[in-house]
Amino acid sequence: MATDSGRPLRADAQRNRDKILSAAVRVFAEQGLDAHLERIAKEAGVGTATLYRNFPTREILIEAAYRNELSRLCDAAPDLLATMPPREALRAWMGRFIDYATAKLGMADALRALVESGVNPYAQSHEKMLAALASLLDAGVSAGTIRSDISATDMFANLTGIALASGKPEQREQAERLLDLTLDGLSTDRN
């Protein structure tokens, strides 16, 4: 992450920014639009001045928190593929998708208010997720462990359905079972 002048953030400043974004997702998910920015700063372990220096308005913070969650999800695909077999990487990413969807559901009111203010936090979200998902599916097809007749668009629709049906934190066990069922259906060895 770079500053407005194009220079990279100092390591401590980047850590503070990351802590603020993580805390914002948690607090907005718990409290919606009623969340106090001071509480986000406190949960992040930073002063309110640090929060406002990084995110001068609530809208900027909401958008940054959402985009950070999206980046964490999409950036995980190559890392997972580098550290585990493609089928396992896909399953791990599917779990992260549910984490992302749960955070997004929790932030729904805050995101809706952001859209109503004229900001589109979702610009390019779909394309980024499809690209990450396609890379995981392609790796599984190349390894011979994932069927080749399932597109990233099909898989995204499936994951979205699971997230809508079982995306609340208290439904996580059901979501995990549905993800396992989905992965079994994608496998080339379905005996």
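Biologist: Which hand does the crossing of helix 5 and helix 8 have?

Modeller: A crossing is called left-handed if the near helix is turned anticlockwise from the far one by less than a right angle, and right-handed if clockwise; the crossing of helix 5 and helix 8 is right-handed. Helices here are DSSP runs (H or I, at least four residues), numbered from the N terminus. This is a predicted model, in which local features need pLDDT of at least 70 and side-chain atom pairs count only at pLDDT 80 or more, while totals for chains, interfaces and linings use all residues. Residues are numbered from 1 along each chain as its sequence is written, and side-chain values use heavy atoms, with hydrogens and water left out.

Biologist: At what angle do the axes of helix 5 and helix 8 cross?

Modeller: Axes are lines fitted to C-alpha atoms, for helices over the stretch in contact, and angles run from 0 to 180 degrees between N-to-C directions. The axes of helix 5 and helix 8 come within 10 Å and cross at roughly 55 degrees, which makes helix 5 oblique to helix 8; angles under 35 degrees count as roughly parallel, over 145 as roughly antiparallel, 65 to 115 as roughly perpendicular and the rest as oblique.

Biologist: Which residues of helix 5 and helix 8 meet?

Modeller: Contact means heavy atoms within 4.5 Å, and by that rule Trp-93, Met-94, Phe-97, Ile-98, Ala-101 and Leu-105 in helix 5 meet Met-155, Phe-156, Leu-159, Thr-160, Ile-162 and Ala-163 in helix 8. This contact has 11 nonpolar residues, one polar and no charged, where Ala, Val, Leu, Ile, Met, Phe, Trp, Tyr, Cys and Pro count as nonpolar, Asp, Glu, Lys and Arg as charged, and the others, Gly among them, as polar.

Biologist: How do the axes of helix 7 and helix 8 cross?

Modeller: The axes of helix 7 and helix 8 (residues 152-166) come within 9 Å and cross at roughly 110 degrees, so helix 7 is roughly perpendicular to helix 8. Among the residues that meet are Met-129 and Leu-133 in helix 7 and Met-155, Phe-156 and Leu-159 in helix 8, and by class the contact has nine nonpolar, two polar and no charged residues.

Biologist: Where does helix 7 (residues 125-143) stand relative to helix 4 (residues 58-83)?

Modeller: Their axes come within 9 Å and cross at roughly 15 degrees, and helix 4 and helix 7 are therefore roughly parallel to each other, in a left-handed crossing. The residues that meet include Leu-73 and Leu-81 in helix 4 and Ala-132 and Ala-139 in helix 7, and by class there are 10 nonpolar, two polar and one charged residues. Not counting residues up to four places away in sequence, Ala-139 touches Leu-81 and Pro-86.

Biologist: What is the volume of the second largest pocket?

Modeller: Rolling a probe the size of a water molecule over the atoms shows where empty space is left. The second largest pocket has a volume of about 310 Å³, and its lining includes Glu-69, Arg-72, Arg-96 and Asp-99. On a 1 Å grid over the protein atoms alone, a pocket is an open set of points where a 1.4 Å probe fits, with protein on both sides within 12 Å along at least five of seven lines, and lining residues have an atom within 4 Å of a point; points are joined across faces, edges and corners, and a volume is the space filled by probe spheres set on them.

Biologist: Which helix supplies the largest share of that lining?

Modeller: Helix 5 does, with five residues, while helix 1 (11-31), helix 4 and helix 5 (86-106) each supply at least two. By class, this lining has five nonpolar, two polar and five charged residues.
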